[in-house]
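The exercises below concern a predicted model. Work through each task with the sequence and the coordinates at hand before reading the solution.

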Amino acid sequence: MIGRLNHVAIAVPDLDAAVAQYRDMLGGKVSEPQAQPDHGVTVVFVELPNTKIELLHPLGENSPIAAFLERNASGGIHHICYEVDDIYAARDKLKAGGARVLGDGEPKIGAHDKPVLFLHPKDFCGSLVELEQA
Ligand SMILES: C[C@@H](C(=O)O)C(=O)SCCNC(=O)CCNC(=O)[C@H](O)C(C)(C)COP(=O)(O)OP(=O)(O)OC[C@H]1O[C@@H](n2cnc3c(N)ncnc32)[C@H](O)[C@@H]1OP(=O)(O)O
Ligand SMILES: [Co+2]
C-alpha cells in the first residue's frame, strides 16, 4: 500500500536559522516559507534528489507541533510522509486494522495541494505517519 517516501519533517524552533543551515551549510535547495493555516504550521521544503525534507514551524494559537517543540527544544524529526495511491482505501484499511487516524478522519489538503492524513505515533513504532495521495 505505501509507496514513495514523500518527505521527512523536522520541527524547528527557529525557521530562519534552519533554512540558513540547510541552504548554506548543507548546500540544500530550499523553497520559500509557505504558511499552512489549516495545519497550524509554516513549512519550508528542502528538495533532495530522491525525496524532500519539510522544515516545520508552529503557526497560530493551536499548532499541533507546539507540544512537540516544548518537549524537544532544539527541534526533532516530527513525521514521515508516505505516498499512497488511494487515500480513502488506505484510511479504511488502517481503521479496520485498529489504527487511529487523527483529526476527524477526513483528509485535508496538504502542502502539495493533495489530500493528506495522519496516523497516531503510538500505533506506528512511535513515529507520526503522514499519508499523501500520490
Ligand atoms: C502541511 C502538512 C503536509 O506536509 O502537507 C504537514 O505535515 S502538517 C504537520 C503538522 N500536523 C500534524 O502533526 C497533524 C497530526 N498531529 C497531531 O494531531 C498531534 O501532533 C499528535 C500526533 C496527536 C500529538 O499531539 P500532542 O503532541 O499535542 O499530543 P500529546 O502531547 O498528548 O502526545 C501524545 C504522545 O505522543 C507522542 N508524540 C507526539 N507527537 C509525536 C511525534 N511527532 N512523533 C512521535 N511521538 C509523538 C508524545 O510524546 C506523547 O507520548 P507519551 O504519552 O509517551 O509522552
Ligand atoms: Co508533512
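## Exercise 1: the ligand shell

Task: classify the residues of the shell around ligand 1 as nonpolar, polar or charged.

Solution. Sorting the shell by residue type gives ten nonpolar, six polar and four charged residues. The shell holds 20 residues, and the closest to ligand 1 are Glu-54, Arg-71, His-78, Ala-111 and Lys-122.

## Exercise 2: polar contacts and burial

Task: find side-chain N or O atoms that lie within 3.5 Å of an oxygen atom of ligand 1, and then state how much of the ligand surface the protein buries.

Solution. Begin with Glu-54, whose side chain places an N or O atom 2.6 Å from a ligand oxygen. Continue with Lys-122, where the corresponding distance is 2.7 Å, and with Arg-71, where a separation of 2.8 Å is found. Turning to the surface, ligand 1 taken alone exposes 1,100 Å², of which the protein buries 69%.

## Exercise 3: pocket and surrounding elements

Task: locate ligand 1 among the pockets, and name the elements that give two or more residues to its shell.

Solution. Ligand 1 sits in the largest pocket.

## Exercise 4: the annotated span

Task: describe the span that UniProt annotates as a domain.

Solution. The unreviewed UniProt entry places "domain: VOC" at residues 4–134. This span is 21% helix and 37% strand, and its end C-alpha atoms lie 9 Å apart.

Notes
Residues are numbered from 1 along each chain as its sequence is written. Chains are lettered from A and ligands numbered from 1 in the order in which they are written. This is a predicted model: local features need pLDDT of at least 70, side-chain atom pairs count only at pLDDT 80 or more; totals for chains, interfaces and linings use all residues. Side-chain values use heavy atoms; hydrogens and water are left out. A residue is near a molecule or strand if one of its heavy atoms lies within 4 Å of it. A polar contact is a pair of N or O atoms within 3.5 Å; within protein, one must be able to donate a hydrogen and the other to accept it, and residues adjacent in sequence count only if both atoms are side-chain atoms. Accessible areas come from the Shrake-Rupley method with a 1.4 Å probe; for residues, only the protein chains shown count as cover. On a 1 Å grid over the protein atoms alone, a cavity is a set of points where a 1.4 Å probe fits but cannot get out, and a pocket is an open set with protein on both sides within 12 Å along at least five of seven lines; lining residues have an atom within 4 Å of a point. A molecule sits in a cavity or pocket if more than half of its atoms lie within 2 Å of its grid points. Helices (H or I, at least four residues) and strands (E, at least two) are DSSP runs, numbered from the N terminus. Ala, Val, Leu, Ile, Met, Phe, Trp, Tyr, Cys and Pro count as nonpolar, Asp, Glu, Lys and Arg as charged, and the others, Gly among them, as polar. UniProt positions are given in the numbering used here, feature names are shortened, and annotations may be inferred rather than shown by experiment.
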